[in-house]
Amino acid sequence: MTTEHTPTATEPADQQPASLYDMIGGAGKLRELVDRFYDLMDLEPQFSVIRALHPTTLDGSRDKFYWFLSGWSGGPDLYIEQFGHPRLRARHLPYAIASPERDQWLRCMALAMQDVGMEEGLQEHLLTSFFQTADWMRNKADIQP
Ligand code: HEM
């Protein structure tokens with residue numbers, strides 16, 4: 001079976017397809033996104049439930065999430081180099097995550113992507129991927145009405 005990639009008009013034939021990391025804008029833009037994400041979480045009352053799950057200072061969370069996203073998007077594997085496999089679901093088990101927490105997280109990320117001026121198609125693509133990961137992170141049953 002051939003898995004050859006057909007170059008598109010915006011992609012010269014002698015280059016690899018752009019990684020998500022490059023499409024986002026590399027290290028600087030990724031860090032900007034992460035910082036905006038945690039600034040919003042810190043400032044906006046609508047994210048108070050997920051803010052309360054995090055430590056008082058968000059400095060460590062910012063670094064770890066940035067390192068993770070770097071490798072996850074096809075850039076340098078900064079998280080794995082330091083901590084090994086992310087084991088994201090296991091690492092989130094200490095925090096009670098049901099649908100409302102998942103949705104707050106996704107809303108916070110959607111706003112952060114808008115605020116840093118990310119191209120709309122890329123926002124949608126990333127949000128779909130984040131939804132899958134965030135949904136898989138749920139570890140608490142939703143309260144039935
Ligand atoms: C579903 C809603 C989510 C909630 C409520 C949540 C909450 C948290 C909390 C409370 C921490 C600990 C922060 C700290 O120790 O500083 C954390 C760490 C982390 N989260 Fe999430 N998270 C969610 C979804 C996600 C998603 C979707 C991703 C990836 C795309 C992600 C990636 C990470 C990473 C990489 C860490 C650092 C892990 C480590 O301790 O090494 N989280 N998260």
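Visitor: Let's start with one residue. Where is the place of R87?

Guide: This is a predicted model, so keep that in mind as we go. R87 sits in the loop between α5 and α6.

Visitor: What is the phi of R87 near?

Guide: General idea to begin with: most residues other than glycine have a negative phi. Now the case here: phi of R87 is near 40 degrees, a positive value in a residue other than glycine.

Visitor: Is R87 buried, partly exposed or exposed?

Guide: Partly exposed, because its relative accessibility is 46%, and that label covers values between the 20% and 50% cut-offs.

Visitor: Okay, let's zoom out. How many helices and strands does the chain have?

Guide: Eight helices and zero strands. Going along the sequence, you'd read the pattern as α-α-α-α-α-α-α-α.

Visitor: And what percentage of the residues count as buried?

Guide: Of the 145 residues in the chain, 35% do. As for contacts, take those with a separation of 6 or more: residues 24 or more positions apart account for 69% of them.

Visitor: Next, the rings. How many aromatic pairs does a search of the whole structure find?

Guide: Ten. To describe a pair of aromatic rings, you give the distance of the centres and the angle of the planes.

Visitor: Which kind of pair do F37 and F65 make, stacked or tilted?

Guide: The ring centres of F37 and F65 are 5.5 Å apart and the planes are at 45 degrees, so we call the pair tilted. This pair links distant parts of the chain: F37 belongs to helix α2 (residues 26–43) and F65 to helix α4 (residues 59–72), 28 residues apart. F37 is buried, with a relative accessible area of 0%, and F65 is buried too, at 13%.

Visitor: And why do F68 and Y79 count as edge-to-face?

Guide: Look at the angle: the planes of F68 and Y79 are at 85 degrees, with the centres 6.3 Å apart, so this pair is edge-to-face. The cut-off for that label is over 60 degrees. F68 lies in helix α4 and Y79 in helix α5 (residues 78–83), so the pair ties together parts that are eleven residues apart in sequence. Both count as buried: F68 has 16% relative accessibility, and Y79 has 8%.

Visitor: Which residues form one aromatic cluster?

Guide: F37, Y38, F65, W72, W105 and F130. A ring can also have a charge over it: the charged end of K64 sits over the ring of F83, 5.4 Å from its centre.

Visitor: F37 keeps coming up. Which residues does F37 touch, not counting those up to four places away in sequence?

Guide: F65, W105, C108, M109 and A112. F37 also matters for reading the largest nonpolar core: of its 33 residues, F37, F65 and L126 touch the most other members. The elements giving two or more residues to this core are α1 (20–24), α2, α4, α7 and α8 (120–136). The largest share, seven residues, comes from α2.

Visitor: There's an iron atom in the ligand. Which donor does it have from the protein?

Guide: A single one, H92, through its NE2 atom, 2.0 Å away. You'll find H92 in helix α6 (residues 88–92).

Visitor: Is S99 buried or exposed?

Guide: Buried, because its relative accessible area is 12%, and the cut-off is under 20%.

Conventions. Residues are numbered from 1 along each chain as its sequence is written. This is a predicted model: local features need pLDDT of at least 70, side-chain atom pairs count only at pLDDT 80 or more; totals for chains, interfaces and linings use all residues. Side-chain values use heavy atoms; hydrogens and water are left out. Buried means under 20% relative accessible area, exposed over 50%, partly exposed in between (1.4 Å probe, protein chains only). Rings of Phe, Tyr and Trp (its six-membered ring) pair if their centres lie within 6.5 Å; planes under 30 degrees apart count as stacked, over 60 as edge-to-face and the rest as tilted. Helices (H or I, at least four residues) and strands (E, at least two) are DSSP runs, numbered from the N terminus. A charge sits over a ring if NZ of Lys or CZ of Arg is within 6 Å of the ring centre and within 35 degrees of the ring normal. Donors are N, O and S atoms within 2.8 Å of the metal (3.2 Å for Na, K and Ca); water is not among the atoms, so sites may look incomplete. A nonpolar core is a set of buried Ala, Val, Leu, Ile, Met, Phe, Trp, Tyr and Cys residues joined through side-chain atoms within 4.5 Å. Contact means heavy atoms within 4.5 Å.
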